[in-house]
Amino acid sequence: MINLIYVSSAVKTFNEAELLEILKVSRENNSKQHITGMLLFKDGNFLQVLEGEEAEVMKLYEVICLDPRHRGANIIEKSKIVKRQFGDWSMGFRNLNDDAVKSLPGFSQFMNKSLTLEEFSGGLNSCYELLNLFRDN
Ligand code: FAD
């Protein structure tokens, strides 16, 4: 199995219903392909972690890259894993612009971070801390 983490940018402003539509389709498709993960959205940028068999994950990533609703997908991590970190979610989701998220204990250190390639170019520790914060809450 592998995990793959990428960031991308929405091509337009997304409302909650449009985000939930992506999520609904993702959950339906991912559970059939035994893919798990988490999708984060903040200020027009996406960060998504996908976990599963390499062939399935890469096939899905190709489909996602072709989706006209976002652009500039860049992989920031692709590595072999022996155990899923997001096994409970066919696709977890958090909109980091939500007030409820902003008041989550531990989130304040991420308040000014963006979900971009530049943000994580120095290392992925903060990326994993962010993902784990939502996995554990
Ligand atoms: P449908 O949902 O019926 O889509 C058919 C085609 O229409 C696809 O090419 C799709 O890209 C396009 N399309 C659908 N709705 C719209 C719209 N509102 N505007 C423009 N084009 C549209 N899919 C997953 O299965 N798993 C994921 O984890 C996943 N994560 C995603 C993360 C992001 C940031 C984005 C933007 C999309 C994600 N998707 C994910 C959706 C993915 O890109 C495909 O749309 C989806 O997998 C296609 O599902 P489907 O074959 O059931 O076809």
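Which side chain does the side chain of S8 make a polar contact with? The first legend below answers this. The model is predicted: local features need pLDDT of at least 70, side-chain atom pairs count only at pLDDT 80 or more, and totals for chains, interfaces and linings use all residues. Residues are numbered from 1 along each chain as its sequence is written, and side-chain values use heavy atoms, with hydrogens and water left out.

**View 1. S8 in strand β1.** The side chain of S8 makes a polar contact with the side chain of H70, at 2.7 Å. A polar contact is a pair of N or O atoms within 3.5 Å; within protein, one must be able to donate a hydrogen and the other to accept it, and residues adjacent in sequence count only if both atoms are side-chain atoms. S8 is buried, with a relative accessible area of 2%. Buried means under 20% relative accessible area, exposed over 50%, and partly exposed in between (1.4 Å probe, protein chains only). Not counting residues up to four places away in sequence, S8 touches G44, N45, F46, H70, R71, G72 and A73. Contact here means heavy atoms within 4.5 Å.

**View 2. Helix α1, residues 16-33.** Helices (H or I, at least four residues) and strands (E, at least two) are DSSP runs, numbered from the N terminus. At 1.5 Å a residue, the 18 residues of α1 should span 26 Å, and the end C-alpha atoms are 25 Å apart, which agrees. The expected span is 1.5 Å times one less than the number of residues. At the start of α1, a side-chain oxygen of N15 reaches to within 3.1 Å of the backbone nitrogen of A17. After the helix comes H34, whose phi is positive, near 55 degrees. L19, I22, L23, S26 and N30 are the buried residues of α1; what covers them includes β2, β3, α2 (54-65) and β5 (92-95).

**View 3. E18 in helix α1.** E18 is partly exposed, with a relative accessible area of 28%. Leaving aside neighbours within four places in sequence, E18 is in contact with K12 and T13. E18 and R69 are 51 residues apart in sequence and 10.0 Å apart in space, C-alpha to C-alpha.

View 4. A polar side-chain atom of N30 lies 2.8 Å from a nitrogen atom of the ligand. In the side chain of Q48, an N or O atom is 3.0 Å from an oxygen atom of the ligand.

**View 5. The largest nonpolar core, with 21 residues.** A nonpolar core is a set of buried Ala, Val, Leu, Ile, Met, Phe, Trp, Tyr and Cys residues joined through side-chain atoms within 4.5 Å. The members that touch the most others are L40, L47, F107, L131 and F134. At least two residues each come from β1 (2-10), β2 (36-42), β3 (45-52) and α4 (125-136). Helix α4 gives the largest share, 5 residues. Not counting residues up to four places away in sequence, L131 touches I5, M38, L40, L47, V49 and F86. A second, separate core has 19 residues, including I2, V57, L60 and I64.
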